[in-house]
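Subject: The structure I promised you

Hi,

Have a look at it first, then read on for what turned up.

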Amino acid sequence: MVGRTSFSDWPSRGGAAGNVFPGKRGAAGAGAVSPWARAGRAAAAAGRCGGARGARARPRGAAGRALRPTEVPAPAPLPAWHLFSDPAEVEALRGNLLSWYDRCKRDLPWRALAATEPDADRRGYAVWVSEIMLQQTQVATVIDYYNRWMQKWPTLQALAQASLEEVNELWAGLGYYSRGKRLQEAARKVVSELAGRMPRTAEELQKLLPGVGRYTAGAIASISYGQATGVVDGNVIRVLCRLRCIGADSSSPAVIDRLWDLANVLVDRSRPGDFNQALMELGATVCVPKAPLCGECPVKQHCRARCRVEKELAFASQKLFGKPSPVPDVEDCGVGDCPLCPPATEPWDSSLGVTNFPRKAAKKAPRVMRTATCVLERRGCHGALEYLIVQRPSSGLLAGLWEFPSVPLTQDALHPRGLPAAHLIRLSIPSQVIHIFSHIHQTYVVYSLSLDGDVTVDPALSPSRWVTEDEFHASAVSTAMKKVSGTPGPFLPSLSYLGKTLGIRSTSLGCPSFRTWLLLSSGLSGSSFRC
Ligand code: SF4
């Protein structure tokens, strides 16, 4: 019926790490720098380490007096090694990055709209749509969806009038489907409650628009409205961690907050939108996860990870030629218990070079799920094959999308028990389709069943409809279901056959008889089936 699609529902962004979703912790403008960063900047004058190791032995308050035992000490200043404390360096880094971006940036439709759209609300909307689509999704995949979306709904007002079914249909295949639904809900809110006017600052965007978190708010505000506020996504995390040798767990809230501080310090005040896009572009195309192109990097002279690698290489080469040279400084920042250095248990690994950074806590293993799915086909009144699809519930995974009738399987459900041997031969060799969601490793066990004769589906149950192959592809179906449709399972005995041998009615596809059939075919017991 259709070929398998090659991308998963959860690709990373721009060929590199995708966005992170820092949640609604309060949008930080460029002025919102934490006490850690302020303290670190103040400490910069004190040298590379920002303080002596012994400074922690006697906790002191802000005024320098010794704290009483019951008082909580203020956070120790961050070592300048991990900060951007030198204004001249910050200025140079901004200039180098922006001129590289002007020369090398990719030509992308949302960038063109952001640069040329005179209407501020449409401009904000255009950037917003791109940012939501780009979350967890490759740029190359997004372009076509973005163009079709903007053609169909060029304004917030047009999107507000669309139905959820239309949104799901256009979004089908892009993955993480609640994004489209939330985008439309937020557009309706802007139209009905804000008179169609987009909020103009990161703080307001995050506060007023459902589904807009700290990153998206910063991106819209800086790119569309020129607010000097930083952004932190997966690409920015990688670049900043390498520039400043940050090896602590980059997914921890404490480290993420420090990275927001750095992004807000760095962002260019006159071209904040371009600067933020340049930093992300650098992470997506040069400072990539596995094999960064350091030789071509426009900010390599500011990169402390690269500096360290070069020092080590110089030392190794001196040693090779038998020349005495000082041992390279292998300490990270000189501060014991530094909250941004790699943990003592996982020190710098010379074989990894700059890819020592960033580091993340090990991911939780995805949940393993198995689902029996049946591709039911019949000959339609015009002679074309038609397939039965049913709609999923309006909340939860793949909410509101359409799928072939499916039922979750328990661990041992694929070993039919109690079936006559003749049926086992036909029922026990299904095809399998594996689909990886972000947190679920899903296996669809696919059966096919060709129906002979007229069948009816109980209208009181979940919505269902018969569709041709073309209609199937135009419907709001997930990538996983498209994979299933390209992987027909073994054809099961017809209903009339089952009716004769197992006592199942062949003239009706009412839930009880169909459930009986599927339970028998899968060896399940006690599961409910939604058809
Ligand atoms: Fe990334 Fe290498 Fe550039 Fe450093 S020099 S920012 S590691 S590409």
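You'll find Gln-136 in the loop between H4 and H5. Its phi is near 65°, which is a positive value in a residue other than glycine. Keep in mind that this is a predicted model.

Ala-195 also has a positive phi, about 55°, although it is not a glycine. Is Ala-195 buried or exposed? It is exposed, with a relative accessible area of 72%. Its place is in the loop between helix H8 (178–193) and helix H9 (202–208).

While you're looking at loops, go to the one between helix H14 (304–320) and strand E1 (367–379), where Pro-358 sits. A cis peptide bond joins Phe-357 and Pro-358, with omega at about -5°.

Now zoom out. The chain has 19 helices and seven strands, and 51% of its 531 residues count as buried. Of the contacts with a separation of 6 or more, 74% are between residues 24 or more positions apart.

Next, the inside. The largest nonpolar core has 111 residues, and Trp-128 and Trp-149 touch the most other members. Helix H4 (residues 120–134) gives this core its largest share, nine residues. If you leave aside neighbours within four places in sequence, Trp-128 is in contact with residues including Leu-156, Leu-183, Met-198 and Ile-220. There is also a second, separate core of ten residues, with Ala-372, Cys-374, Leu-388 and Val-445 among them.

Two helices are worth a look as a pair. Helix H11 (residues 234–243) and helix H13 (residues 272–285) pack at an angle of about 85°, their axes 8 Å apart. So H11 is roughly perpendicular to H13. On the H11 side, the contact is made by Asn-235, Val-236, Arg-238 and Val-239, and on the H13 side by Leu-279, Met-280, Leu-282, Gly-283 and Ala-284. Sorted by class, that contact has six nonpolar, two polar and one charged residues.

Last, the ligand. Which residues are around it? They are Arg-242, Leu-243, Cys-287, Cys-294, Cys-297, Lys-300, Cys-303, Arg-306 and Val-354. That shell has six nonpolar, no polar and three charged residues.

Cheers

Terms used. Residues are numbered from 1 along each chain as its sequence is written. This is a predicted model: local features need pLDDT of at least 70, side-chain atom pairs count only at pLDDT 80 or more; totals for chains, interfaces and linings use all residues. Side-chain values use heavy atoms; hydrogens and water are left out. A residue is near a molecule or strand if one of its heavy atoms lies within 4 Å of it. Ala, Val, Leu, Ile, Met, Phe, Trp, Tyr, Cys and Pro count as nonpolar, Asp, Glu, Lys and Arg as charged, and the others, Gly among them, as polar. A nonpolar core is a set of buried Ala, Val, Leu, Ile, Met, Phe, Trp, Tyr and Cys residues joined through side-chain atoms within 4.5 Å. Buried means under 20% relative accessible area, exposed over 50%, partly exposed in between (1.4 Å probe, protein chains only). Helices (H or I, at least four residues) and strands (E, at least two) are DSSP runs, numbered from the N terminus. Contact means heavy atoms within 4.5 Å. Axes are lines fitted to C-alpha atoms, for helices over the stretch in contact, and angles run from 0 to 180 degrees between N-to-C directions. Angles under 35 degrees count as roughly parallel, over 145 as roughly antiparallel, 65 to 115 as roughly perpendicular and the rest as oblique.
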